[in-house]
Amino acid sequence: EKALAEESWDVVSRQQSSGRSGLIESYEPYLGEMIKYVRARIKTGARIVWHQTWAYDSDAVHADFPAYGSDCEKMYDKIVECSRTVSEKYGISVIPVGTAIQNIRPSYEYTITRDGYHLSTSVGRYVAALTWYETLTGRSVEGCTYCPAGVDPVRAEFARNAAHLAVAAPFERHPVGYDRNTTYEESDVPDYTLPDPLTMADGRKVRSVRQWENERRPELLKLLTEQEYGRAPGKPDVLSFELLESGDALAGKAIRKQVRVRFGKGVNDYLTLLLYVPSNAAGPVPAFLGINFRGNIAVSDDPEILMPDGNKIESYGIYDFAERGSQSRRWPVEQIIDAGYAVATFDRADVDPDFDDNFSNGAHSVFLKPGEVPAPDEWGTIAAWAWGLSRALDYLATEASVAASKVADIGHSR
């Protein structure tokens, strides 16, 4: 009541807490009483609007998510059903943030939220802000030139499209982003003949292991290098290792080490490797090595994991802060340690951020002149990540607690 009386409001928004916004019984019939209460305390002509919240990520851990079968699509459908009911019953417009988020989600699932349910501080909140802006002002955001720090031009365009389409159709999803006209029916695929992997490019047949290893295998690798991943440079001239922190971890089960692997002379030319080794190991142990996509702090709730360096965050821009331990279900560190193995990881953005910055950040900049880009047959982002894994392995080769000849690279998707 005090807040309503403090200013001459033009708009008052209402919403249910996000976890319950798809459960109509949690705010009906109480919402009608609240709307009457608000109308009696605001100026004539002021609008009451309904904020449509968003569904949670498919892997979210939230107490309310099981009410929807822990299913993102089902939660979205319930939220739409409820917001449509509210709009029609009370004659109020909807700010369709939930639909806008669903529109952009197929392209950027893991950057929309920072923990599975709170919007990310970059593209997630940008989508929401654009949706509010167009709904309240009536001005299309398609030509909007404002773009907050941390949102690259590609994501910004997708965000504007997602918001604009949601305002036009608050209860219908219209996915934006990449063309996903995928063929799923084998009968729709034109006739083709797979080349024989045991036939050389000049038509000769591979007749021996030696011929495979010395001729055909390099021939195939050359094709993959030139056509798929690009040529990557070797070990850089500038390569050094700095132990930033070490200590006991996992209730004494492991020894934690955090190492700066520097691969260039620039202020951001390094990756930070997080390593856990069993504390009871009698000698060097095999290890699992993998890239994480949300920062080392997301891998475990270990409070001693270092935050990313501020200079690097400012330079890369796109970095989305993840809550400590928010991706720990994907990184069974304690299970690996209990089995007698070490585990090491670093953030992909340390080597190359996952957005189109014309290769101005990350490892590419070490080998390019200002304004220069890789040649068509040179390395892209995936090859850069692989190159970063090699640099991490360079360090592990110096680590007495790790059997460097027994390191397995792990990962998924790309």
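A word on naming before the points: helices and strands here are DSSP runs, numbered from the N terminus. Please also keep in mind that this is a predicted model.

1. **The β4–β5 loop.** Have a look at the stretch between β4 (240-249) and β5 (254-262), where L250 is found. L250 has a positive phi of about 55 degrees although it is not a glycine. A251 lies in that loop between β4 and β5 too, and its phi is near 55 degrees, again positive in a residue other than glycine. Most residues other than glycine have a negative phi. Is A251 buried or exposed? A251 counts as exposed because its relative accessibility is 86%, and the cut-off for exposed is over 50%.

2. **A cis peptide bond.** The bond from E28 to P29 is cis, with omega near 10 degrees. P29 sits in the loop between β1 (11-14) and α2 (30-39). For context, most peptide bonds are trans.

3. **Helix α8.** Where does α8 bend? The bend, of about 35 degrees, is at R216, and a proline, P218, follows within four residues. Just after α8, G230 takes a positive phi of about 90 degrees.

4. **Helix α7.** Here the same kind of check comes out well. The 16 residues of α7 (residues 153-168) should span 22 Å at 1.5 Å a residue, and the end C-alpha atoms are 23 Å apart, which agrees. Buried residues in α7 include R155, F158, R160, A163 and H164. When reading that pattern, recall that an α-helix has 3.6 residues a turn, so residues three or four places apart point the same way.

5. **The nonpolar cores.** Which residues touch the most other members of the largest nonpolar core? They are L273, L275, F346, V351 and L396, out of 26 residues. The elements giving two or more residues to this core are β5, β6 (270-278), β7 (285-292), β8 (342-347) and α12 (381-396). The largest share, eight residues, comes from α12. Leaving aside residues up to four places away in sequence, F346 touches L271, L273, I291, V351, W385 and L389, among others. A second, separate core of 23 residues includes L119, A128, V141 and A163; A163 is also one of the buried residues of α7.

Key. Residues are numbered from 1 along each chain as its sequence is written. This is a predicted model: local features need pLDDT of at least 70, side-chain atom pairs count only at pLDDT 80 or more; totals for chains, interfaces and linings use all residues. Side-chain values use heavy atoms; hydrogens and water are left out. The expected span of a helix is 1.5 Å times one less than its number of residues. Buried means under 20% relative accessible area, exposed over 50%, partly exposed in between (1.4 Å probe, protein chains only). The bend at a residue is the angle between axes fitted to the seven residues ending there and the seven starting there. A nonpolar core is a set of buried Ala, Val, Leu, Ile, Met, Phe, Trp, Tyr and Cys residues joined through side-chain atoms within 4.5 Å. Contact means heavy atoms within 4.5 Å.
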